[in-house]
Amino acid sequence: MPTILGQNQYGKAENRVVKITRDGATHHIKDLNVSVALSGDLDDVHLTGSNAHCLPTDTTKNTVFAFAKEYGIESAEQFGIHLARHFVTSQEPIKRARIRIEEYAWERIASSDANSKFIGADEVNHSFARKGQETRVTQITYDGEKWEVISGLKDLVVMNSTNSEFWGYIKDQYTTLQEAYDRILATQVSGRWRFNWTDDEQRMPHWERSYEQTRKHMLEAFAETYSYSLQQTLYQMATRIINHRAEIDEVRFSLPNKHHFLVDLEPFGLKNDNEVYYAADRMYGLIEATVLRDGAEALIPVDMTNL
């Protein structure tokens, strides 16, 4: 039975590159996990085994490290743009490059006022602790003409200890959930936002500032929304981003509801006045939605598992 080769791509996944920038005695860290996927005129390598159009995956790995030295890492987005442009413009068979990057943040360890007494230095600016909150992510796709940049974060756990209710929902013969008029609202944010920068003629966003401000508006909306449902909070978070960041046209969130249940303390003769909770990690409600700028097209995949 005849077969037809469908979509295909190849590359080197999860290249861990750490770039130290030395500004005198002050050091700066960029810690990235970079995955490269290339596609184009690659039929022969599948059909006949000819490698004439195949850039070795080892070469893509080497390119990641060389570019960290040659160009530095101003931001995850800028670094991915350099890589995608290089692979598409330098290799004729390669028609499309997709670069996925996770960034792991570090924060500087503050030294004591008397540190020089012990270690012989005036000030310590080279010691860091890995931040334990979110992982920043970005995906850059380039086909030689158009860019698509989708950035975001994952694993950011947030909580409101009040100003959240959930009541008035459908009830049937299987409903046991009690209505809540003062509850904990907690979630582990996985969010992606798509930039409207698509070609080199446009002014490129300031990627670092955009991430910082987008994260700020997202968290402010979470904190300031009196919530009657996690869906409502999600919508407010995404809307705040679009209203304040002109470079972003689409936002998608996947928010697991990290349930906190009041513990029954009556068997011990104690009253639980919204003070002691059981934090359940399984099972959880999963709330997902996309919010768009009016007139924009939805391009972020519904399933963000591998984005």
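**Exercise 1.** Locate Y228 among the helices, and decide whether Y228 is buried, partly exposed or exposed.

*Solution.* Begin with the chain position: Y228 lies in the loop that links α5 (207-224) to α6 (230-244), where helices are DSSP runs of H or I with at least four residues, strands are runs of E with at least two, and both are numbered from the N terminus. The model is predicted, so that local features need pLDDT of at least 70 and side-chain atom pairs count only at pLDDT 80 or more, while totals for chains, interfaces and linings use all residues. Residues are numbered from 1 along each chain as its sequence is written, and side-chain values use heavy atoms, with hydrogens and water left out. Next, take the relative accessible area of Y228, which is 42%. Because buried means under 20%, exposed over 50% and partly exposed in between (1.4 Å probe, protein chains only), Y228 is partly exposed.

**Exercise 2.** State which residues form a nonpolar patch on the surface together with Y228.

**Exercise 3.** Describe the protein as a whole.

*Solution.* Count the elements to find six helices and twelve strands; then note that the C-alpha trace spans about 75 × 75 × 35 Å along its principal axes, and that buried residues make up 41% of the 307 residues.

Note on methods
Patches are made of residues with over 30% relative accessible area and no salt bridge: like charges are joined within 9 Å, nonpolar side chains (Val, Leu, Ile, Met, Phe, Trp, Tyr) within 5 Å. Accessible areas come from the Shrake-Rupley method with a 1.4 Å probe; for residues, only the protein chains shown count as cover. A salt bridge is a side-chain nitrogen of Lys or Arg within 4 Å of a carboxyl oxygen of Asp or Glu.
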